[in-house]
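Hello,

Here is the structure I promised to pass on. Please have a look at it first, and then read my notes below.

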Amino acid sequence: MNQERRAVITGYPGLRYPLTVISIDHEPGKEVHRFQPVFTFKFIGTAVESQDDGEDKEVPRIFVETFDSPVEGTDCSWHIKEGDVIADATTELFSVIEPCSHEVQYAGMCANCGKDLTQGDYLGNADVFRATVAMSHDTLGLTVSHGEAARLERETTKRLVQTSKLSLIVDLDQCVIQTTVDPTVGEWLKDPTNPNHAVLHDVQQFRIAEEGPNAPVYYVKPRPGLAQFFNTICKRYEMHIYTMGTKPYARKVASVIDPDGSIFGSRILSRDENGSNTQKSVQRLFPVETNMVVIMDDRGDVWQWSPNLIKVNPFEFFVGIGDINSSFLPKLSDKPLPPAIPEPKISEAPATTDAETASTLVSNVVVDDAETMAAQADAQTATLEAQVEERPLAKQQEALTATGETADSREGLLQADDNELYHLERTLKRLHENFYKSYNAKIGEVTKDRNLAKLKDSKPRRRSRGAAADVKVILPEMKRIVLQDVVILFSGLIRSDRDPRREWQGQLAVQFGARVLDSKSKELPTHIIVGPDITPTNLTEKAKMHKRYPWIKVVYLKWLTESTSRFERLNEQAYQVDKNAPHVPRPIDHKKTTTEDGQSDTESILTDNGFTDRLIDETSKTMDWHDMEGEIQDFLGDVSDDATTEASDDSDSSVGSQSSTRRRPTRAAHKRLRSQDSSDVESGDGGADLLRSPLSKRRNMARQRRSGLAHSVRAGSSSPASERDSVDGAGQARAGTGRESPSPADSVPERRKSVGSLDTRAAADDDAKGDPEPSESGSDMDDFANELELQLEQ
């Protein structure tokens, strides 16, 4: 394979810039050997000199050195000349045609020319640093350059687009299978009378030869529906295995779930090639472009909650066993989320002082130190040995059987009722559809740009085929709409000294659009999420908040995990701690609700339950309660003012002028009026109505208010008097206009229009004319007003 290319040489990062070129020491067009001096330069540095007083002192000096070519090649072409100043290491110096660019290497040796690349120059530069990207599933030793990695991924992208597929990274343990080494499973498999025998029909077993003659037997249970899931998804995704298990373990499991190799082939990446037992990186398999990559895993923390991730609920078939290949990882409920690790930028590795081995030169892999990985492997071995000796499944089955009345009523410990893959399949189909819908739309834009460019005789905008659509944009958008408008407060799940938004529960909720409150928040939540041990009789202090605010839902964590795994907000009723709790809709503006003593609902409940004693003091420092009360009163006062305005528009001029003098007091006036003595208010003419609070005004209006129909008329009981009164009531609005009142027949439409109006002034005029007593509808309104007043006073 011809690997010749023109390589452009730039300066070394370790030189003392700026440099001034003194002479060009190699003729252009000639062959250049590696480490050959090609030009001479000078720079200003410092030197230590002894002074007359015997002390050493740094003084500036001009130094002259030569620049040695880091590569070999032919047809040398210079980009600098004598007298030029080289500002920094990015300046292009010269270029040559290299016989081999060493873009593919294995264990420090070029895979094309076979040259040993570990030898470095006096500055530590070596050709082994040219290929630092690991793309092979099988080994870390095989590396390529960034340019070669980009070329390979362009070919992969082209192949995927032609077949309308995406890439799917699949975790094994507790994602698509669960494994145990408890020998109890083998005994249950041989005993048809055991209550667990039926659900073990598809369990496969194997030993790993590399673990020696005393290796345990591994029992592997595929997740229900796995075969159907693979057969459907493989038509839309090219799948890769990425596991924390060893390579022999991964191959054995792959032979169980993919016997003919048609699903995964050789695309299997284990912890032996990953370089870390605690972290996974999408750049390990796709170092350049990740816009067509989807991840499915039961743990988000090992991926640093990548935007490409779909977190699935862990498969818990072998109860209490967990993931046998991550026993050294902290439990999710006890582990604080580490700071997000930015995606590594793939670039040529910087020079080091010594030539290093190829295994430490991989730029797209987080490599743990050997001592740490050895300790983690020992911890996992100890866990497996404990399972074999302690037989936890047998103990749990015995405890379960002891609760039964007779041996015939035994209940099996193992249950095969998991349906996670059904919901995951739907999500992956939606994601695939959304991706290619976006892709086709943007490709259409590219075609349009090209056609316009041809008409304009200009170059079209250059766009990458892979950048036409991006999973990292589409998938987060699908997540955010699931729990929008949900405000979550965790109780009993996260320690109070930890930020819930940095724990896996909070991170999961935030990714799906919810807002997560901490213990210091002043806002009321919509949901309080608790652990499985909480019951209606042992509620936490936070959970008791729903007794005062029944629209707050107290639900188990399972509501959150199942809603997020299904990409659908599930009905809370089945997940509530109190299954009999009535459904109470959330108030539209619950944050502004205040108690009678002026304390907000949030402050009151938090203070009552001991959330924080400083809450009201802190709020008082930042809030102007008088201004707030004035705004609320202004808002509430609009009801009575609107009613007055409606009546005054159609009344005679004297009534209109009288009402125009009754203006709503300003905020400052409210403050002054509240400070006056109550006796002064009661003694003033009209002052009581002016100084009455908006709430009192509304109560008074409710007492005096009548139905919009002045009188109720029952079938067969109409009388001329009632018709006359109805006509007068309907025509009162025209009294000041000089027009005649309509006849009873003409007033029927007017009476219909008056239904539901708040024309209290017209009702007051009827009283002045001596109208009959209010009808039955008016009595009902008075009863309603009295009942409302009693509730408000309580």
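Helix α12 (residues 557-566) lies across β20 (487-491), β22 and β23, and runs at about 75 degrees to β23. Axes here are lines fitted to C-alpha atoms, for helices over the stretch in contact, with angles from 0 to 180 degrees between N-to-C directions. Helices (H or I, at least four residues) and strands (E, at least two) are DSSP runs, numbered from the N terminus. Before you go further, please note that this is a predicted model, where local features need pLDDT of at least 70 and side-chain atom pairs count only at pLDDT 80 or more, while totals for chains, interfaces and linings use all residues. Residues are numbered from 1 along each chain as its sequence is written, and side-chain values use heavy atoms, with hydrogens and water left out.

The strands under discussion belong to an open sheet of 4 strands in the order β21-β20-β22-β23, with parallel pairing (two strands pair if DSSP finds at least two bridges between them). β21 (515-517) and β23 (553-556) each have a single partner strand, so one side of each is left without a neighbour in the sheet. From one strand to the next, the twist averages 35 degrees. Between β22 (residues 527-530) and β23 there are 4 bridges, in the parallel sense; H527 has K553 of β23 as its bridge partner.

α12 also meets another helix. Its axis and that of α10 (residues 504-511) come within 10 Å and cross at roughly 45 degrees. On the α10 side the contact (heavy atoms within 4.5 Å) is made by W504, Q505, L508 and A509, and on the α12 side by L557, L560, T561 and T564. Sorted by class, this contact has 5 nonpolar, 3 polar and no charged residues. In that sorting, Ala, Val, Leu, Ile, Met, Phe, Trp, Tyr, Cys and Pro count as nonpolar, Asp, Glu, Lys and Arg as charged, and the others, Gly among them, as polar.

What about charged pairs? Side chains of opposite charge can pair when their charged atoms come close. The whole structure has 23 salt bridges (a side-chain nitrogen of Lys or Arg within 4 Å of a carboxyl oxygen of Asp or Glu). One of them joins E568 to R426, with the closest N and O atoms 4.0 Å apart. This pair links distant parts of the chain, 142 residues apart: E568 is in the loop between α12 and α13 (601-608), and R426 is in helix α8 (residues 420-456).

There is a second sheet to look at. Its 4 strands form an open sheet in the order β4-β3-β2-β6, and the pairing is antiparallel. β4 (56-68) and β6 (85-86) are the edge strands, each pairing on one side only. β2 (residues 19-24) is joined to β6 by 2 bridges: L19 is partnered by I86, and T20 stands opposite V85. Towards β3 (residues 37-50), β2 has 4 bridges, and S23 stands opposite T40.

Two backbone details are worth a click. Most residues other than glycine have a negative phi, and most peptide bonds are trans. Y17 and P18 are joined by a cis peptide bond, with omega about 5 degrees, and P18 is in the loop between β1 (5-10) and β2. F35, in the loop between β2 and β3, has a positive phi of about 70 degrees although it is not a glycine.

Best wishes
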